[in-house]
Amino acid sequence: MRWVLQKNIKICLFLSANDLGMRAVMDHLMSGLRAAAEPTRLRLLALCGQGELTVGELVEILGQSQPRVSRHLKLLCDGGLLDRFRDGTFVFYRLARRGVGAELARHVLSLLPAEDPIATLDRERLAARKRERAAAANAYFRANAAQWDRMRSLYVDEREVEAALMALLPPEGIGDFLDVGTGTGRMLELFGPRVEHAVGVDLAREMLAVARANLERAGLRNWSLRQGDMYQLPLPAESFDAAVFHQVLHYAEDPLRALREASRVLRPGGRLVIVDFAPHEVEALRAEHAHRRLGFADDELAQSCAEAGFDPGAIAHLPGQPLTVTLWSARRRLAAQQPRRAAETAARAGAAAVPS
Ligand SMILES: C[S@@+](CC[C@H](N)C(=O)[O-])C[C@H]1O[C@@H](n2cnc3c(N)ncnc32)[C@H](O)[C@@H]1O
């Protein structure tokens, strides 16, 4: 009897926890649906589906007042459809990455008709804005290509960073090595003598010209340079054993997309190291040196790596004043472990919404 009673109590508790979970999912779903059900908010969702954007950029693209746009953004964040994060004095918005709202936002986006005239205009304005920013960043690198090797060591002691990089990414066993945003080719010079073949990709021709001269001067033979975009690497899938982003990701409009592209070209089990700044407040780097993001927090990069198909690994911090350099390592998941994105998001949504 006692036993039966205990068993019954257990069953009751289980059912009520399950009911609570269902209720939470339904509540999230309802508030997400309410948040999405407005024309300007649908436009905002569609825009944030294309990267991380500031209020100022969204105001400019929508042509509506800042208080109005901010109110809509707040409702979308409260509804769980968008994430808001601070970066120095800027605030960015992007599609939510976890929970019922994240799944709902992606589903809503997939239903929006691509040929809608207002959405088309928004996309064109966003593309024009991105082109302007890319041109400004490119102009910066064109102007600074010749002195980049001197400038890159201004922030931190280069030798310390390179020693930490070698410790996190020992070159033994690396056949094909990729340097994304190679700039003047320093990573190729460093890894070239220790790997079979090293490839550097960069958007700026001027940077590549300096890289070519540096690599020739170093007497290396096993390298090649490609002009290309980190979002669309001109390289076949699963063709590299290791990849590095060295002081590149803070220029990215959409760091997650760049990591997904790196994941595409790495072989299963392939290694990735990102070298960049920890979060900082040196706005001058944005204003004068074309940085898009003022560093990255460990948990943000771990989450982005996981979403891009990597298992996050060891992290090293090299504290400096005012900038700390961080190295994040990750490994491309084996093919069998690569979760399908929708299933992965749904599982996370459930985990986030259902109390255990
Ligand atoms: C700060 S430099 C770093 C260069 C090199 N990794 C180093 O540490 O010396 C950043 C480089 O990223 C490149 N870059 C920026 N955006 C890019 C993109 N979308 N695709 C490819 N390269 C990009 C720039 O042209 C520049 O050469």
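**Ligand shell and helix packing**

By class, 10 nonpolar, six polar and four charged residues make up the shell around the ligand. This is a predicted model, in which local features need pLDDT of at least 70 and side-chain atom pairs count only at pLDDT 80 or more, while totals for chains, interfaces and linings use all residues. Residues are numbered from 1 along each chain as its sequence is written.

Reader: Which of the 20 residues around the ligand come nearest?
Author: G181, G183, L203, A204 and M230 do; a residue is near if its C-beta atom, placed from the backbone, lies within 6 Å of the molecule.

Reader: Why are helix 11 and helix 13 called oblique to each other?
Author: Helix 11 (residues 255-265) and helix 13 (residues 298-307) pack at an angle of about 45°. Angles under 35 degrees count as roughly parallel, over 145 as roughly antiparallel, 65 to 115 as roughly perpendicular and the rest as oblique. The pair is therefore oblique.

Reader: What makes helix 2 roughly perpendicular to helix 4?
Author: The axes of helix 2 (residues 39-48) and helix 4 (residues 66-78) cross at roughly 70° and come within 10 Å. Helix 2 is therefore roughly perpendicular to helix 4.

Reader: Which residues of helix 2 and helix 4 meet?
Author: T40, R41, L44 and L45 in helix 2 meet H72, L73, L75 and L76 in helix 4, contact being C-beta atoms, placed from the backbone, within 7 Å.

Methods. Nonpolar A, V, L, I, M, F, W, Y, C, P; charged D, E, K, R; others polar. Axes fitted to C-alpha atoms, helices over the stretch in contact; angles between N-to-C directions. Helix = DSSP H or I, 4+ residues; strand = E, 2+ residues; numbered from the N terminus. Contact = placed C-beta atoms within 7 Å.
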